[in-house]
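Hello,

Here is the structure I said I would pass on. My notes follow below it.

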There are 2 protein chains.
Amino acid sequence: MPEIVAGQYPSTTQRGGRFVCAVGLVTWVLTFLPLKLHADDIITPESAAHAVALRDQAMRGTDALAIVGALTTEVGPRLAGSRAESRAREWAMGRLSDYGFSGVRTESFSIEGWERHGERAEIMAPYPQPLAATALGGSVSTPLEGISADIRMFQTLDALKAIPDGTLNGAIAYVGHAMQKTQDGSSYGYFNEARTRGPSIAARKGAAAYLIRSIGTDSHRFPHTGTLRYADDTPRIPALALSNPDADQLERIALSGETVTIHVWVQTATNIDAESGNIIAEIRGREAPTEVVVIGAHLDSWDLGTGAIDDGAGVGITMAALKLIKDAGLAPRRTIRLVLWGAEEVGLLGARAYQERYATSLSEHVIGSESDFGGGRVWQVTADSQSERGDRLFAEIARILAPLGIAPGSDDLPGGGPDLSPLIESGVPTLRLHQDGRDYFDLHHTADDTLDKLDAAALDQNVAAFAVFAWLTADSDVSFRDSGD
Amino acid sequence: MPEIVAGQYPSTTQRGGRFVCAVGLVTWVLTFLPLKLHADDIITPESAAHAVALRDQAMRGTDALAIVGALTTEVGPRLAGSRAESRAREWAMGRLSDYGFSGVRTESFSIEGWERHGERAEIMAPYPQPLAATALGGSVSTPLEGISADIRMFQTLDALKAIPDGTLNGAIAYVGHAMQKTQDGSSYGYFNEARTRGPSIAARKGAAAYLIRSIGTDSHRFPHTGTLRYADDTPRIPALALSNPDADQLERIALSGETVTIHVWVQTATNIDAESGNIIAEIRGREAPTEVVVIGAHLDSWDLGTGAIDDGAGVGITMAALKLIKDAGLAPRRTIRLVLWGAEEVGLLGARAYQERYATSLSEHVIGSESDFGGGRVWQVTADSQSERGDRLFAEIARILAPLGIAPGSDDLPGGGPDLSPLIESGVPTLRLHQDGRDYFDLHHTADDTLDKLDAAALDQNVAAFAVFAWLTADSDVSFRDSGD
């Protein structure tokens with residue numbers, strides 16, 4: 001195996017097969033393992049050896065894809081607050097109980113549910129034709145007859161912001177953008193303001209309805225939904241997203257200088273007393289069970305696709321990681337807690353409910369990480385350690401992950417996934433396993449988010465990373481907090 | 001330009017830009033042109049030089065993409081017999097008149113029109129969820145309440161054929177397949193029988209409705225429509241196609257052994273006196289105007305997409321080729337006739353109308369070729385010449401096309417595009433410019449068939465090939481028929 005050298009771990013897809021990978025692993029383990037067990041005051045040699053074994057076992061294949069397959073097939077779309085999200089909780093409870101975890105439970109909470117009943121958009125003039133459009137999550141309905149109006153085009157949200165309030169006179173406001181693919185998904189935070197805040201900005205300008213180019217990077221006729229946030233002080237207007245090819249079409253026509261008239265029709269409903277819930281499963285700590293390492297993903301999805309990349313992948317990765325540790329017969333010093341968050345897509349409602357429920361014990365949450373960026377491979381690991389011992393444990397984690405192609409990053413901002421935001425507010429440290437998300441916004445929040453888009457070997461690499469992280473942080477006594485030094 | 005050698009024409013996308021291409025062209029023309037003007041009894045040196053100049057001009061850029069852009073934007077979807085197809089004819093008449101061609105005209109005919117009003121499919125049990133489905137073209141409606149029934153799964157149409165008649169007892173029959181991508185599209189002819197003949201075969205077996213895995217090679221949630229052909233002696237049952245990911249989902253559930261119950265709802269309408277038409281434009285022959293070389297494409301499209309690859313691309317390619325010849329100020333010996341066929345998708349109705357209208361003059365149709373396989377590059381040219389002089393002219397055409405990466409093929413079966421089938425029946429020879437169609441059935445008959453999928457440089461290569469073919473065959477006195485020797 002001349003191509004296998006220490007520190008270079010062959011991915012199964014890069015090398016073309018599990019057999020080569022497995023042989024490589026053996027070679028690698030024999031030659032490399034003894035070099036790295038040297039931080040005994042942070043982790044024991046036994047603990048480090050277990051981490052390496054978990055990693056290597058994961059790379060030989062995990063249950064991650066099978067778990068995502070079951071969730072997306074047996075439940076399918078699972079909108080927050082819906083009967084389908086409830087079925088997803090039943091599904092998760094059944095699986096996690098079958099796997100034999102401790103403390104498997106549902107923690108319910110109430111939300112205001114929203115449902116899509118129907119939507120349609122078409123160009124009336126100058127060139128009549130249908131448009132592929134979808135209502136944004138939370139959009140109010142149009143009148144039953146829909147809304148027909150001329151469109152006013154804005155290349156960016158800033159261009160819409162720049163016009164005086166009340167000057168759109170009942171036009172339909174359109175906002176475009178030029179979002180590009182990025183590996184780290186960083187442009188999403190900037191561009192999705194057009195979706196979240198755009199509807200109320202347009203209403204303030206006098207628009208009767210709001211239309212955006214999908215916040216997405218593909219060129220297929222799938223509109224991307226996603227939540228909007230109406231401001232309290234402006235009328236609520238219906239809001240839709242066009243697929244990128246339809247946005248191109250509309251912009252081409254508008255560029256010709258002709259007045260474009262659009263018809264939009266949206267019917268939605270809200271249920272002020274819908275139920276959602278978080279699902280919990282644990283491997284209970286052998287010495288310090290009240291100290292908790294949190295891993296997880298969100299269980300709800302948008303209603304258009306089956307939520308394979310968002311966030312079935314995360315469910316599969318983190319559930320398989322916990323199962324891997326349990327199946328290895330390992331008992332960590334601290335508790336590893338898997339949280340499958342409910343109602344993430346509609347505003348991190350499960351994460352808020354968790355924060356509230358565990359307010360008095362969050363000081364014992366050691367560190368957390370969520371998987372919520374699809375099924376691509378992890379290429380970087382970062383953490384917001386605030387202690388010297390935390391930094392050293394992070395370095396050990398990074399060293400054990402390096403053969404997977406994962407480099408430690410210098411960015412130590414808090415992060416680790418959207419559902420950790422409330423925990424970060426409460427002072428919980430986080431670690432982030434950065435996935436390659438170049439294709440993530442091709443599929444995100446579309447009908448095309450389905451199982452066929454996932455790659456088993458890439459999921460396995462994620463499982464390896466989560467298992468190593470969860471095991472090492474839970475099997476140590478290291479605190480990542482400032483006070484822990 | 002050391003990488004440019006005679007006979008190897010750099011494609012613009014392969015070399016990365018028009019500038020490099022143009023420079024290469026000049027080099028190439030200077031070094032290669034004198035070698036090939038040697039078949040004076042077939043074509044004159046002047047005629048061959050014009051062909052080379054047309055080819056080289058096309059490779060510097062044509063109007064093809066702009067034409068497709070205008071058709072798909074200003075008309076959009078244009079279903080046979082619809083008001084939109086009528087607008088497409090008005091659009092074409094305007095363009096062709098503006099270009100200054102001779103004999104620009106519409107030749108109308110009546111058809112039975114079909115319209116899609118709505119469709120829906122969902123799994124009711126065991127795992128309720130919506131399915132991405134579309135009615136096949138020509139499908140009858142379900143009752144207003146839809147049809148709910150258990151599904152019976154067949155991996156292939158042959159498996160459905162093999163069961164005894166009348167044994168499905170009102171189930172919904174599902175037929176899958178494993179169609180793979182091919183460069184020449186050859187597997188479509190085999191697999192699309194499941195779409196065209198499947199509905200009546202299922203009805204004969206006792207099915208209440210018929211569902212297929214889309215005849216397509218993508219993995220996106222776009223169902224592929226396309227025409228069905230009901231048999232006269234069986235009840236007409238509603239028929240739909242599932243997108244490939246939805247077919248995967250259904251097959252996964254069925255494999256678990258559970259009974260799957262489906263609900264389908266289809267509403268369609270027919271109009272027994274709809275209008276369609278062919279559009280004609282010509283460059284009139286200077287010596288033998290009644291001898292006709294036919295090029296063209298079909299103007300209608302399915303209703304789901306804007307028909308950019310099927311067959312806006314062909315319209316752009318062949319219209320741009322005729323314009324290229326006209327703009328060069330060339331007057332061929334014979335007439336070059338562009339035919340934009342109407343109502344192709346619903347059974348070659350425009351081609352049949354043409355055959356009938358020109359029955360007495362088809363003996364003077366020299367040769368024909370249609371562009372109806374998307375926007376991919378041409379990689380092969382074949383012809384069904386039946387004369388020695390025809391063979392030699394074909395060899396000259398192939399030699400001038402070789403620098404475009406086009407090789408002469410040995411397959412001399414009649415072909416040249418679906419709308420030429422009636423002309424082939426009437427004895428008209430054909431030439432086929434084989435396009436690379438590996439991605440064609442990813443988009444074919446879906447909502448995703450839109451302008452953004454086309455590549456300008458690839459269309460230009462097609463224009464070059466059509467211009468060379470049309471010019472050389474029209475500017476000669478060669479017959480490709482048996483009697484012409």
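Domain bounds here come from an automatic or database domain assignment. This is a predicted model, in which local features need pLDDT of at least 70 and side-chain atom pairs count only at pLDDT 80 or more, while totals for chains, interfaces and linings use all residues. Residues are numbered from 1 along each chain as its sequence is written, and chains are lettered from A and ligands numbered from 1 in the order in which they are written.

Domains of chain A. The assignment gives domain 1 (37–110 + 273–484) and domain 2 (127–259). Taken over C-alpha atoms, the centres of domain 1 and domain 2 of chain A are 34 Å apart. Between them, 18 residues of domain 1 are in contact with 16 residues of domain 2 (contact: C-beta atoms, placed from the backbone, within 7 Å). On the domain 1 side, helix 15 (residues 440–443) of chain A gives the most, with three residues (helices are DSSP runs of H or I, at least four residues, and strands runs of E, at least two, numbered from the N terminus).

Chains A and B. Here 20 residues of chain B are in contact with 20 residues of chain A. Helix 10 of chain B provides the largest share of the chain B side, five residues.

A sheet in chain A. Three strands form an open, mixed sheet in the order 13-12-14 (strands pair if DSSP finds at least two bridges between them). Strand 13 (407–408) and strand 14 (431–435) of chain A are at the edges with a single partner strand each, so one side of each has no neighbour in the sheet. Strand 12 (residues 378–383) and strand 13 of chain A run parallel and are joined by two bridges; in strand 13, P408(A) is the bridge partner of V381(A).

Regards

How values were computed
Contact = placed C-beta atoms within 7 Å.
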